[in-house]
Amino acid sequence: MKPEELSTRKFENEFVYSTSRSSGPGGQNINKVNTKVELRFSILNSQLLTDDEKELIGRKLGNKINKDGELVLSSQSERTQMMNKKMVIEKFYIIVSKALTIPARRRSTRPT
């Protein structure tokens, strides 16, 4: 599944954001402004995912899911909160689309 196809489902309504001080670029601004953005998405409580998709995501992204069943992603590479929010949303769609993509089976061939 491609990230563009996944973004048509509008997961943004189920995202929970939190901000904190970043350790990335920003100069003196880094000590004053909360630019790091953390995205939390509850896989178990999602209305937009089927049960099969929830199971597949749970299996493939187990190390990014906390004990409450939330997928936790963060971004602190940009100087502004808005850009970090944009980056973490892009990261979400890419990671989830990769998790939902089932690789094609390899067909064995005869040696030449």
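Contact here means heavy atoms within 4.5 Å. The model is predicted: local features need pLDDT of at least 70, side-chain atom pairs count only at pLDDT 80 or more, and totals for chains, interfaces and linings use all residues. Residues are numbered from 1 along each chain as its sequence is written, and side-chain values use heavy atoms, with hydrogens and water left out.

The chain holds three helices and three strands. Helices (H or I, at least four residues) and strands (E, at least two) are DSSP runs, numbered from the N terminus. Along the sequence, their order is α-β-β-α-β-α.

The chain has a radius of gyration of 17 Å, whereas a compact globule of 112 residues would have one near 13 Å. This radius is taken over C-alpha atoms, and the globule rule is 2.2 Å times the number of residues to the power 0.38. Along the principal axes, the C-alpha atoms fill a box of roughly 65 × 40 × 25 Å. Of the contacts with a separation of 6 or more, 64% join residues 24 or more positions apart.

Buried residues account for 30% of the 112 residues. A residue is buried under 20% relative accessible area, exposed over 50%, and partly exposed in between (1.4 Å probe, protein chains only).

Helix α2 spans residues 51–60, and its buried residues are Glu53, Lys54, Leu56 and Ile57. Seen down the axis of α2, these residues fall within an arc of 165 degrees, so they line one face of the helix. The arc is that of the directions from the helix axis to the C-beta atoms. In general, an α-helix has 3.6 residues a turn, so residues three or four places apart point the same way. The buried residues of α2 pack against α3 (81–100). On the other side of α2, the exposed residues are Asp51, Asp52, Glu55 and Arg59.

The loop between α1 (3–7) and β1 (15–20) contains Lys10. Lys10 is not a glycine, yet has a positive phi of about 60 degrees. The residue is exposed, with a relative accessible area of 53%.

At 63% relative accessibility, Lys32 is exposed. Ser22 and Lys32 are ten residues apart in sequence, and their C-alpha atoms are 9.8 Å apart in space. Asn34 is found in the loop between β1 and β2 as well and is partly exposed, at 33% relative accessibility.

Asn34 and Ser22 are twelve residues apart along the chain, with 6.5 Å between their C-alpha atoms. Asn34 and Arg9 are 25 residues apart along the chain, and their C-alpha atoms are separated by 29 Å. Leaving aside neighbours within four places in sequence, Asn34 is in contact with Thr19, Ser20, Arg21 and Gln81.

Strand β2 (residues 36–42) includes Lys36. Lys36 is partly exposed, with a relative accessible area of 23%. Beyond its neighbours within four places in sequence, Lys36 is in contact with Ser18, Thr19, Ser20, Arg21, Ser22, Ser74, Ser75, Gln76 and Asn84. Lys36 and Ser23 are 13 residues apart in sequence, and their C-alpha atoms are 8.0 Å apart in space.
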